[in-house]
Amino acid sequence: MNDLTKGFLLLTVLTAPILSGCAVKAEQPLSVGEPRSTSANTAEASVSVSENTDDKLVICTPHDADPMNAAISLFMSEYPDIRVEVLAAGTGELIEKLQSESAAPTADVLWGGGADSLAAHPDLFESYICANNDFIDAGFKAADYKWTGESPLPMVIIYNKKRLSEEGISAPKSWQDCLKPEFKGEIAYCRPSKSGSAYTQLCTMILANGGKTDGWDYVEKFVKNLDGHIFESSSKCHKMVASGDYLIGITIEKSALTYRDDPNIGFCYPTEGTSAVPDAISIVKGCPDEKNAKLFVDFVTSKECQAEQRDDWDRRPVRNDMKASAALTDLRGIKLIDYDFSWAAADKDEIITRFDRIFDASGS
Amino acid sequence: MAFEGRACRKTAFMIAVFCAFFLLFCLPVHAEGTEKRKVRVGYFTLANFQEYDASDRSYRGYGYDYLMAIAQYAGWHCELVPVTYEDGLKMLQSGELDLMNYVYPTDSTGGLSLSSLAAGESWTNLVVPVSNASVSYEDYDAISGLTVGLNYSSQLNSAFVDYCKDNDCMPRLIYYHTEEEVDKALSEGKITARLSSSISDLSMRTVAKFSVSSYYFATTRGNADLLAELNSAMNALKIDDPYFQERLYSRYHSQSVEQQTVISDAEKNYISAHGPVAVSYVTDWTPVSYEDRNGRFSGAMRDLLDLITERTGLAFSFEEAENSKAALDDFSSGKTELMAGFPYDFAWADKNNANITFPLYSVTLQEMSKGSGNAIAAVPQDSYQEFFSRELQGTSYTYYRYKDMASCLRAVQDGTAACVLADSLQTAYYQKLVSCRGLSSREIPGAAFQLAFAASDRSDPMLLSILNKSIYSIGSAKIDEIFKEASQNSQSVSLADQLYSNPGFAGWFYSLLGFVIAAVTSMLIYGRRIHAKNREIEKAAAAKSEFLSNISHDMRTPLNGIMGYTNLALKEKDETAAREYLKKVRISAEFLLSLINDTLDISKIESGKYVLQQEKTNASELLQSITVPIQSIADARGIHFLVDSNDMYHGEILVDSLNPKKIVLNLLSNAIKFTPEGGTVELHISQIPPVNGCNCRIVVKDNGIGISKEFQKKMFEPFTQEHAPQSKGTVGTGLGLSIVKRIVTMMQGTIEVQSEPGKGSAFTVQIPVTAVRETGEMPEAAPENTAELQGRSILLCEDNEMNREIATAILNDLGIRVTSAENGRQGEELFLSAPVWKFDLILMDLRMPVMNGLDAARAIRAAERPDAALIPIIAMTADAYNDDIMRCMQAGMNAHNMKPVDNEVLKRELVRQFRMEDAARKNSGVQP
């Protein structure tokens, strides 16, 4: 093992010219090397440097780094005169920021974050019917156009096939399966008050198992089967199943897909139906550059950007004229419930409080 | 015996045959074995990793040294092939190269095999300018407040965003199209941080590191022999010296540079809330810590603590202790929070309830003795007894304990003890004292330790953090310097100690004493001679001060004119009158310029920097360029000026044209200066044998005031002027003739003077010039008008706004369109973003921020576009030494134009360059 503990990346380019007399066409410089960081696009060095600093776009985004950078890179290639600024953080943190500066917003768009999180704050966003509106089905955009979906995210049950097989337990197929005694204390789930996706999962379970009123019976049984185990971070749900600490977990399809090459991990779309609440994009009300914000919403829902996000990062396109990547079940093959965004947004505090009360009661 | 003799002969014969056989068959094999394998290595340059200095053709860097070490183990001869990183990979895949360093597994797909061991590790840094003291390392709250510039196409971005999310920090990210735009944004303050894979930029400071990965040597796939040799050599080196790479790393990246101490808000609060930190120090530990004559805590520790106070605001109060035991007692009881001087040893620290800082300085344990017999050792009572005895385990000392170091030394001197044990800083100090006469010091093998500060483990951890940050930022070089200075400046003492500790000083002291006595005696005896000598020195000094006074006066005179007339012009409402004032400003400025040029010339000649440049010159034009301005001056002063050039060669000559001109102009202007109105000044130029050599004789004759015989003897010395009554009212630096004499000498010529006061002077100069054979080529004509400049487009790179304005005005007057750039980078970008052949020429200042003119010229020449190679680039700079001109040419520039800009010279150069450019474009098929 190399134990060079202090690392090393060097690498400002050192131009070491070999000087050969006074000829104008002297020998080429000895060499230039920039192996890691910026070699990819040396051609871009000649891109116009004219920078209209007024023409900018400030994006708030909770997206993962890779798809985020890829989309921004593509956007900048198409719109080289727009300077892009980014604030990358969790959805909750970004919404807090937008609320705190709502009198004088500095951001133009909130890109990413579940549609229900955006729907819960209609006062923060402007309505906008994007250029690709015709290609987006009604379930994936707000009725008042305050948010536009960009990538549906079905909720799934993830499971550890190896442990299930060792213990002779059948893989779950439905929400009801989660109530089986063999999964008691073996379900990885995040507290809905801590995670937007866990909240969507709670709403989905309620709606898929009896509706807004009767669905709570299911929730009570589900919480009982959690047996006091709950996480504070949604990413733990799939990680703890993958590690074998838990048999099953409630997570989003995107996270489950990260284990597609792991033969020990599987997932299912619950047979009662699941939600596919999309990651969405909204224009900030009173934003400094509405023109560029609209341009970006159109870009994010464009075929070009949707294709890049699908092909490179396995994200489901929201457009009804595009198919998901071959690795994913087509959305038409998944039973989807009629997710009530208005209810989920309006009753959020009440729903979360009720869940917490049930959970606390189950633990006592 | 006979048998024995035969046996011996037989044995000898056998040995001889064996040797012959061995030589016959083995030697060639051996010779083959020593022949080194030639390995073609792709060598791309990266700061601190693989560097190449073209000036002395030397290589350096972590990667280079590592390669050479491996080559030694493998028995290779490395041929370093200059490549770019990308080309190197391709050439390695195709087999044109055998080896390359710094290859990542992700870059090695296809055609490459990697070494089994990594050649090093790399990471990415989030860096801020060193001047930014608001962010300390991995201070996530502060990082959240940064605005980070990213290159939108960089692969580093995702890793950085992940890093931020993992650490709950949310800096603002601004995406740019290129690294250059990121640099520019940083220099303009639009962003406060950037990502950098470089750790060699001393103007930036790392505040976070992420994305660590290993890189390897790569060979062409299938070159199994070489790969095996490489792996074997790397393994062998690793086994022989496991820390080789770490030491190499330290060599090229050690933090020895002083940096600003960055204190977090929490630490600032601690400092302001906490009163002075009580520090224990030992009074008997010179030069580490001691009390000076005024009872003040002194020594290296005190100096360091003062520096920490200066950098952080953390104040200290000091508690003396006569020995380390007493100091430790105070420390343990809570009376003090800090120990000034503590072994950097965690076990020792733990035992004493202390937290230790980073190490400060390495010392060894030594014994000072009169010679042999060291079993009985004297140690001061206070020494870190347990610590020392642990360090000295295995030795057989019997310890005698004394009150202090002085007592120990006395014990050794009087024979009670054989040696005294002390650290190397102490022995270095005590050996300088007379009281230690006859004692020598010897290191005790294996007994070494480092000094640090110790903070009480009851103290807030913030104290340790502040101390460590300070130590790190002060840097090892500065700390070393503090300890060395303390060793030299500590309370040494009597003159006797000085003389003893420094034999050189003693010798000098006694010599000086002898000299003073001898000098006094000599003065008495040779008073007159000394008096005379003094007068000579006084005269020389007087000449020099007179020169300084003269030049000061001379510079103030035209400056006064410039300032005075400028003020008048500014106030003047009538344009015609204002123009008259401005003309006078110009006259004064030209005089000031000539004064500066003369002073610089003499300075250049004296420093050996004045180099003659042979170039083809038209003799007639050269003569004309001299006589025209002189004629106007002569006319203005009512002096007849006669020129006789009938015997002159009027064709092309090979000569340094500036210098004959300077010689003749100097002589003629002197002649006119010292010739009264109505007088005559003559210039005779003729060709003299040998004709082939085209030797030139120049005679400048006048009927002016003449030169006294006495002054003729020293007239070529710098700083001298004759103060004859007739010369009253003339001004000058006294440098003109010195310059003439030196230039003539440099040109291997001669100069003579015949002069008589009141009758006039005749200077005769002979210099060699070479005739150029007529080739039928048309000589380059000087431009008669500016027609061919009309409509041209020039890119002007100049950072100084005033200079930019002046140059633009001059060029616009010539009908030239001007696009301006404020630095080399902007110039490069403007050139690259403009349509091909938008610009006809580039005027380039050299000293500019962001990117200098030389780098900009190189970058432009390296661009892949048709006009990059052909567009003329003219340096326009105040850097006017020959070295500077050479550097311009080497950077790919076509000409050098000195500031201040002479309109005529610039105009001529522009015409010349445009003509050459048009011809070049025509030849390359581009319509000019």
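B:D168 sits in the loop that links helix 5 (156–166) to strand 9 (172–176) of chain B. Helices (H or I, at least four residues) and strands (E, at least two) are DSSP runs, numbered from the N terminus. This is a predicted model, where local features need pLDDT of at least 70, side-chain atom pairs count only at pLDDT 80 or more, and totals for chains, interfaces and linings use all residues. Residues are numbered from 1 along each chain as its sequence is written, while chains are lettered from A and ligands numbered from 1 in the order in which they are written.

- B:D168 isn't a glycine, yet its phi is positive, at about 55°.
- B:D168 counts as exposed because it has 12 C-beta neighbours inside 10 Å (buried means 20 or more other C-beta atoms within 10 Å of a residue's own, exposed 12 or fewer, partly exposed in between, with C-beta atoms placed from the backbone).
- B:Y102, in strand 5 (residues 99–103) of chain B, also isn't a glycine and has a positive phi, near 70°.
- With 28 C-beta neighbours inside 10 Å, B:Y102 counts as buried.
- B:T286 and B:P287 are joined by a cis peptide bond, with omega about 5°.
- You'll find B:P287 in the loop between strand 13 (284–285) and strand 14 (289–291) of chain B.

**A sheet in chain A**
- Four strands of chain A form an open sheet in the order 7-8-6-9, with mixed pairing (two strands pair if DSSP finds at least two bridges between them).
- Strand 7 (187–188) and strand 9 (265–268) of chain A each have a single partner strand, so one side of each has no neighbour in the sheet.
- Strand 6 (residues 155–160) of chain A pairs with strand 9 of chain A in the antiparallel sense, over four bridges.
- A:N160 stands opposite A:I265 in strand 9 of chain A.
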